[in-house]
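Here's a quick tour of a protein model for you to follow along with. Keep the structure open and look up each spot as we get to it.

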Amino acid sequence: MTVTKRNVVVIGATGSQGGSVVAEFLKHPHLYHIRAITRDPSKPKAQKLAAQGVELYCADLEGDREALTAAFSSAHVIYALTDFWQKQSAAAEIEQGKAIADAAAGITTLQHFIWSALPDPVALSDGQFLNVHHWKGKSLITEYIQTQKPDLWAKTTTILFPNYFENTLTDPQRYLPVKDASGTYNLRFPHSPQTVLPNVAIRDTGKLVHLVLESGSTYFTKTIAFWAQALSEADKLAELGSYYNVPIHYHASSASEFQQLLMTRDGMSEDIALDFTEQLLIFEKCGNVYAREEFVQARDIPGLKLQTWSEFIRQHKLL
């Protein structure tokens with residue numbers, strides 16, 4: 001029996017999410033032909049993909065609908081995402097997301113649209129947190145697809161992304177403890193030691209997306225909360241200290257102290273530091289909002305095995 005390959009277009013193919021999707025699809029060359037959207041095909045990551053048989057499509061997708069339509073031509077599957085942090089502007093992100101949706105909606109061959117998103121912080125917190133713009137922008141794009149592009153929504157799966165284990169690798173100054181003069185490793189977060197966040201290894205994204213596609217229409221119009229474990233930063237720190245056999249100390253900072261730390265240590269603007277702090281406070285005040293019944297829990301999807309924190313710290317040198 002001959003299997004017809006599906007044309008899969010991946011936005012952000014040289015990044016963490018899209019890179020994981022491409023890596024997983026490359027394991028199934030009989031199922032997928034992969035087109036990676038990139039701004040610069042000469043970069044080493046893009047060239048590595050090309051060497052593996054991935055089609056590179058050079059395009060700047062900043063709201064250019066013609067470029068997007070050309071990039072999506074003949075696609076059966078589109079893995080779509082936007083990047084708030086590039087411009088740190090919700091308005092710019094929303095414009096890009098709407099352009100992606102508009103272009104995707106016009107692709108007659110499209111069978112499945114997978115949208116990388118975040119939940120609505122205002123709705124989940126009952127209006128307590130109004131400054132989490134990097135969540136709100138994505139939730140407004142989701143709303144746009146649902147209300148303005150109903151035919152596209154009918155074949156859309158939305159995936160909500162949580163805290164990544166890999167943040168400890170890309171932003172160690174924020175997510176890993178710092179050793180003081182006495183040899184104790186210290187970590188500061190605006191959470192009580194009992195406050196849990198949803199966590200996942202971003203490298204598992206591709207495994208989830210592959211299973212979603214292989215499930216046909218099962219997850220159309222569904223929102224999947226993609227997390228492996230609900231863990232507190234204090235518990236993650238304790239396990240790290242135990243593994244490396246070093247003394248640790250978790251500091252529960254006030255919101256204002258943590259926001260100031262983000263500004264002085266990480267160079268964030270006041271607005272972005274407030275955005276980042278409030279997203280963490282949602283879990284402090286409202287619990288693990290990703291565990292709500294309205295979302296499909298990725299952990300419950302048959303055949304999906306997600307990496308644990310314990311496994312992650314044994315695969316990477318963190319201290």
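## A briefing on the model

The largest cavity has a volume of about 70 Å³. (A cavity, on a 1 Å grid over the protein atoms alone, is a set of points where a 1.4 Å probe fits but cannot get out; grid points are joined across faces, edges and corners, and a volume is the space filled by probe spheres set on the points.) Bear in mind that this is a predicted model, where local features need pLDDT of at least 70, side-chain atom pairs count only at pLDDT 80 or more, and totals for chains, interfaces and linings use all residues. Residues are numbered from 1 along each chain as its sequence is written, and side-chain values use heavy atoms, with hydrogens and water left out.

**Cavities**

- Searching the whole structure turns up 2 cavities of 30 Å³ or more.
- Lining residues (those with an atom within 4 Å of a point) of the largest cavity include Thr168, Tyr175, Glu233, Lys236 and Trp309.
- Helix H12 (residues 233–244) gives the most to that lining, with 4 residues. (Helices, H or I with at least four residues, and strands, E with at least two, are DSSP runs numbered from the N terminus.)
- Sorted by class, the lining of the largest cavity has 7 nonpolar, 1 polar and 2 charged residues. (Ala, Val, Leu, Ile, Met, Phe, Trp, Tyr, Cys and Pro count as nonpolar, Asp, Glu, Lys and Arg as charged, and the others, Gly among them, as polar.)

**The second largest pocket**

- This pocket has a volume of about 350 Å³. (A pocket is an open set of points with protein on both sides within 12 Å along at least five of seven lines.)
- It is lined by 19 residues, and Pro119, Asp120, Thr142, Thr223 and Phe295 lie nearest its centre.
- Helix H6 (121–124), helix H7 (133–148) and strand S6 each supply at least two residues of the lining, and the largest share, 6 residues, comes from H7.
- The lining divides into 9 nonpolar, 5 polar and 5 charged residues.

- Strand S6 (residues 156–160) is mostly covered, with 5 of its 5 residues buried. (Buried means under 20% relative accessible area, exposed over 50%, and partly exposed in between, using a 1.4 Å probe and protein chains only.)
- Thr156, Thr158 and Leu160 point one way from S6, while Thr157 and Ile159 point the other way.
- Strand S5 (residues 112–117) pairs with S6 in the parallel sense over 5 bridges, and Phe113 stands opposite Thr156. (Two strands pair if DSSP finds at least two bridges between them.)
- S6 also pairs in the parallel sense with strand S11 (residues 223–225), over 3 bridges; here Leu160 has Ala225 as its bridge partner.

**A sheet of 3 strands**

- An open sheet with mixed pairing runs in the order S8-S9-S13.
- Strand S8 (178–179) and strand S13 (248–252) stand at the edges with a single partner strand each, so one side of each has no neighbour in the sheet.
- Strand S9 (residues 185–189) and S13 run parallel, joined by 5 bridges, and Asn186 stands opposite His249.
- Ala252 lies in S13 and touches Phe189 and His191, not counting residues up to four places away in sequence. (Contact means heavy atoms within 4.5 Å.)

**Two domains**

- The protein chain is divided into domain 1 (6–163 + 200–227 + 289–306) and domain 2 (166–195 + 231–286). (Domain bounds come from an automatic or database domain assignment.)
- The contact between them takes 21 residues from domain 1 and 16 residues from domain 2.
- Taken over C-alpha atoms, the domain centres are separated by 28 Å.

- Why is helix H11 (residues 205–214) largely enclosed by the rest of the structure? Because 7 of its 10 residues are buried, among them Leu208, His210 and Leu213.
- Gly216 follows H11 and has a positive phi, near 65 degrees.
- Ser74 isn't a glycine, yet its phi is positive at about 70 degrees; you'll find Ser74 in the loop between helix H3 (65–71) and strand S4 (77–80).
- Thr221, in the loop between H11 and S11, is partly exposed, with a relative accessible area of 35%.
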